[in-house]
Amino acid sequence: MPRSPRRAGRVAAAVAVLAALGTPTATANTVSATAPVRKPHYVALGDSSAAGPLVPAQTSLTCLRSNRNWPTAAAARLGAELTDVTCSGAKTADLTGRRLVLVPPQFDALRTDTDLVTLAIGANDISLGTALPSCVRPLPQAVAPGRTCEAAYTAGGRDRLAERITRTAPKIAAALRQIHRRSPHAKVYVVSYGTYFQPGGCWPREPIWPGDADYLQNTFDRLHTMLAGQAAAGGADFVDIRMPSARHGVCAAKGEKWMEGLLPTSTAAPYHPNGTGMAHAGATVADAIGSP
């Protein structure tokens with residue numbers, strides 16, 4: 001039976017009202033799928049200063065990497081998808097080559113769609129990891145035989161650690177070029193090391209003589225200056241951990257220190273950041289990056 005003009009009019013009016021209210025009809029496809037928001041991809045490159053040796057819990061025994069290190073803390077604050085390939089003992093050569101045969105090149109983690117890269121490296125190229133324990137002097141300087149640590153490294157008027165910093169600068173520059181080539185859209189951040197010693201150190205609590213403590217910290221500061229310069233020249237930003245940690249080095253009280261000394265007071269490797277230091281460093285890095 002043909003539909004009456006009056007009934008047809010009422011149906012048309014109802015459809016119009018439903019359309020005005022945003023109610024879906026059989027003839028209108030108003031269902032839209034919301035695409036998931038893509039998290040920024042973050043790659044953390046570097047050595048033990050970022051990896052967190054012995055800080056619980058360790059997720060890589062080969063690299064002594066912690067799930068509480070500062071890249072993890074920074075990624076959590078930034079809401080980023082983290083690929084963490086930091087590795088204790090790493091040098092710039094391990095960015096492009098295998099470490100200890102077992103560890104792939106860190107640069108293998110970089111992707112063309114990587115959004116964010118942090119790089120914390122350089123101290124092992126300069127052998128600062130061995131310089132620190134070599135400067136331990138448990139006996140007072142007045143009665144101990146032998147030269148100061150500073151004298152050993154500056155014999156003959158040459159500062160051997162300073163020379164190594166100079167030789168490492170081109171390696172940092174080359175690393176930054178490779179990062180930009182492999183991840184051309186990524187924001188890149190070079191991250192410094194934390195503070196180790198207050199002026200004059202704190203012998204005997206930390207058994208490094210005052211002059212040697214100043215020499216070692218000055219060497220780290222020289223390294224930071226080099227890293228900042230290479231970052232600026234290589235299209236990267238520099239994140240300074242040194243100043244925020246200035247009052248939290250190995251001489252700070254337990255609970256206030258971010259860096260452990262020869263005899264750690266919390267679970268961390270000697271002369272490395274502890275869990276507190278990692279958390280603060282992660283916050284500093286995340287604040288410097290802002291919104292990736």
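Axes are lines fitted to C-alpha atoms, for helices over the stretch in contact, and angles run from 0 to 180 degrees between N-to-C directions. This is a predicted model, where local features need pLDDT of at least 70, side-chain atom pairs count only at pLDDT 80 or more, and totals for chains, interfaces and linings use all residues. Residues are numbered from 1 along each chain as its sequence is written, and side-chain values use heavy atoms, without hydrogens and water.

Helices (H or I, at least four residues) and strands (E, at least two) are DSSP runs, numbered from the N terminus. Two packed helices are described by the angle between their axes and the distance between the axes. For helix 3 (residues 70-78) and helix 9 (residues 275-289), the axes come within 7 Å and cross at roughly 45°. The two helices are therefore oblique to each other. Angles under 35 degrees count as roughly parallel, over 145 as roughly antiparallel, 65 to 115 as roughly perpendicular and the rest as oblique.

Helix 3 makes the contact (heavy atoms within 4.5 Å) through Trp-70, Ala-73, Ala-74, Arg-77 and Leu-78. Helix 9 contributes Met-278, Ala-281, Gly-282, Ala-283, Val-285, Ala-286, Asp-287 and Ile-289. By class, the contact has 10 nonpolar residues, one polar and two charged. Here Ala, Val, Leu, Ile, Met, Phe, Trp, Tyr, Cys and Pro count as nonpolar, Asp, Glu, Lys and Arg as charged, and the others, Gly among them, as polar.

## Helix 7 against helix 8

Helix 7 (residues 160-182) and helix 8 (residues 210-233) have axes that come within 9 Å and cross at roughly 25°. They are therefore roughly parallel to each other. Their crossing is right-handed.

From helix 7, the contact uses Leu-161, Ala-162, Ile-165, Thr-168, Ala-169, Ile-172, Ala-173 and Leu-176. Facing them in helix 8 are Tyr-215, Thr-219, Arg-222, Leu-223, Met-226, Leu-227, Gln-230 and Ala-231. The contact divides into 12 nonpolar, three polar and one charged residues.

## Pocket

On a 1 Å grid over the protein atoms alone, a pocket is an open set of points with protein on both sides within 12 Å along at least five of seven lines, a cavity is a set where a 1.4 Å probe fits but cannot get out, and lining residues have an atom within 4 Å of a point. Grid points are joined across faces, edges and corners, and a volume is the space filled by probe spheres set on the points.

The largest pocket has a volume of about 200 Å³. Its lining has 16 residues, with Ser-48, Gly-129, Tyr-196, Tyr-271 and His-272 nearest the centre. Helix 2 (48-51) and helix 5 (128-134) are the elements that give two or more residues to this lining. Helix 5 has the largest share, four residues. The lining counts 10 nonpolar, five polar and one charged.

## Cavity

There is one cavity of 30 Å³ or more. The largest cavity holds about 150 Å³ of space. It is lined by 16 residues, and Gly-194, Ile-241, Met-259, Pro-273 and Ala-281 are the closest to its centre. Helix 9 supplies the largest share of the lining, three residues. Nine lining residues are nonpolar, seven are polar and none is charged.

## Backbone features

Pro-56 and Ala-57 are joined by a cis peptide bond, with omega about 0°. Ala-57 sits in the loop between helix 2 and strand 2 (58-60). A cis bond also runs from Trp-203 to Pro-204, with omega near 5°. Pro-204 is in the loop between strand 6 (187-191) and helix 8.

Leu-100, a residue other than glycine, has a positive phi near 55°. Its place is the loop between helix 4 (93-96) and strand 5 (116-120).

How values were computed:
Left-handed = near helix turned anticlockwise from the far one by under 90°.
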